[in-house]
Amino acid sequence: MSQTWWRGAAIYQVYLRSFADGNGDGIGDLAGLRSRLPYLKDLGIDAIWLNPWYPSPMADGGYDVADYRGIEPVFGTLAEAETFIQEAHELDIKVIIDVVPNHSSTASAWFQEALTDREARDRFWFRDEPNDWQSIFGGPAWTQVADGQWYLHLFAPEQPDFNWDNPAVHREFEDVLRFWFERGVDGFRIDSAALLFKSDTSYEDLDEVHEVYRRWREVADEYGDRVLIGEVWLPDQERFTRYLRPDELHTAFNFDFLACPWEPAELRRVIDLTLTTHAPVGAPPTWVLSNHDVTRPVTRYGRADTTFAHGGRLHGMPSDPELGHRRARAAALLAMALPGSVYVYQGEELGLPEVEDLPDEQRQDPMYHRSGGTNRGRDGCRVPLPWAGDEPPFGFGSGEAPTWLPQPESWRKVTAEAQSADLGSMLNLYRTALAHRRDLLGDGTLTWLTMGPDVLAFTRESGLTCVSNLGTAPVPLPPGRVLLTSGPLEDGALPSDTTVWLTSLA
Ligand code: GLC
Ligand code: CA
């Protein structure tokens, strides 16, 4: 793979707890992931991004990190992580891990020290009086400790925020980056990347944060060929792309595209905005349809309202599974054809729906608990994957212990095994599309074609043309040879909610 492999890569997101369970305790782990590497190779991805695998009390699914230089024992060992990195590399798959610089865990050595020793508190935000900030998960953003002081946590109380005004925090994270780069990791996904610095009035997108990423870029560049990817949720595209200047992060997640409704004008607007704001900084866009924080696309796209927003999540709004599927297939081909890199969140390639009927007592997400249940949270997109067989745990593990979240019985129809045998399945669509994508798509630019207000159509440098019909009536195909469609053509025309890839006739 080239020096700039990340510019056009297809990156598969592994939520380790829910991917595959190697030891039968009902929780995914490194042994399970290693056993499924051939599946990922077959799928045709270039890189894996793993959610946090560090030792953690799991108050927020591992985003409460107790030790940045270790592996959670439930997942495996550091030696096993190193073996995994090596095995992935042997298959020509890169490995990206999560780093969580905004906050730690109350179980971390630094925070434990801060609890007993006031002198050690400056690495966090301790104050005599809290301000009125609310936690992003709901409830106050401050928690009081035994001696009366309060500490800041933008997320759960188990996730104390670091004080980035303290140079020790800078040194610590540069050292953590090196620790993993030296173990072969190809890059980092930076959690809550815009939140690090705080002023009296704001915690979002303060200018000082850019100095940190400039320094991190220098560290990454020392190792060559490594990538820094920001989780940056900012409504302002201009502020967003400041993170992608040539001496800062390599790429960042495109949440505007993810949250965009399935409407042609809006999609066209978001795609254009993405391309025009990325071009001046020379960073490739990313195209993301789902991740471990958002409602699964087949459920989202089957609703009357196809947007996504964290607040409401539109939980329980009726969703037409047939429509949702059809659009999710069309959206996948669209996302994969656009210039830049693309993300696939585990289970997306199986077309899994959001599981909205989890029993409340089994819900684990702090977003659910801290909102008093008004926000149903993110557990519904984190249910363990169905691999094979007719009943839970569907090959996820051995079945000795129940899976950490229960799987719907109906998933017998959507296991990887069942879909492998079905040429028309979502899994085979992803496999075929990713294979073509390798040769014909990825980094570069596009040229729009005009095919009416309901149609998104463009051509890429390789001559591949992608057409998505978001209108209700079928549209005639432009010239070319049909390479792949997200659904059957109708008398040679492209039906509603369908995408086609064509190659030039020559
Ligand atoms: C990011 C993660 C999310 C986590 C939060 C706090 O948004 O994607 O899962 O809860 O940061 O770390
Ligand atoms: Ca396990």
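This report looks at three helices, α5, α6 and α9, in a predicted model.

## Helix α5

Helix α5 covers residues 167–182. It has 16 residues and reaches 23 Å from its first C-alpha to its last. That is close to the 22 Å expected at 1.5 Å a residue.

## Where α5 meets α6

Helix α6 spans residues 209–223. The axes of α5 and α6 come within 10 Å and cross at roughly 25 degrees. Angles under 35 degrees count as roughly parallel, so α5 and α6 are roughly parallel to each other. Their crossing is right-handed.

From α5, the contact draws on His170, Phe173, Glu174, Leu177, Arg178, Phe181 and Glu182. From α6 come Val212, Arg215, Trp216, Val219, Ala220, Glu222 and Tyr223. By class, this contact holds eight nonpolar, one polar and five charged residues.

## Helix α9

Helix α9 runs over residues 264–278. Its 15 residues should span 21 Å at 1.5 Å a residue. The end C-alpha atoms are 21 Å apart, which agrees.

The buried residues here are Pro264, Leu267, Val270, Ile271, Thr274, Thr277 and His278. Their cover includes helices α7 (237–242), α8 (255–259) and α11 (321–337). It also includes strands β10 (286–288), β12 (446–449) and β13 (455–460).

Notes. Residues are numbered from 1 along each chain as its sequence is written. Chains are lettered from A and ligands numbered from 1 in the order in which they are written. This is a predicted model: local features need pLDDT of at least 70, side-chain atom pairs count only at pLDDT 80 or more; totals for chains, interfaces and linings use all residues. Side-chain values use heavy atoms; hydrogens and water are left out. Axes are lines fitted to C-alpha atoms, for helices over the stretch in contact, and angles run from 0 to 180 degrees between N-to-C directions. Helices (H or I, at least four residues) and strands (E, at least two) are DSSP runs, numbered from the N terminus. Angles under 35 degrees count as roughly parallel, over 145 as roughly antiparallel, 65 to 115 as roughly perpendicular and the rest as oblique. A crossing is left-handed if the near helix is turned anticlockwise from the far one by less than a right angle, and right-handed if clockwise. Contact means heavy atoms within 4.5 Å. Ala, Val, Leu, Ile, Met, Phe, Trp, Tyr, Cys and Pro count as nonpolar, Asp, Glu, Lys and Arg as charged, and the others, Gly among them, as polar. The expected span of a helix is 1.5 Å times one less than its number of residues. Buried means under 20% relative accessible area, exposed over 50%, partly exposed in between (1.4 Å probe, protein chains only).
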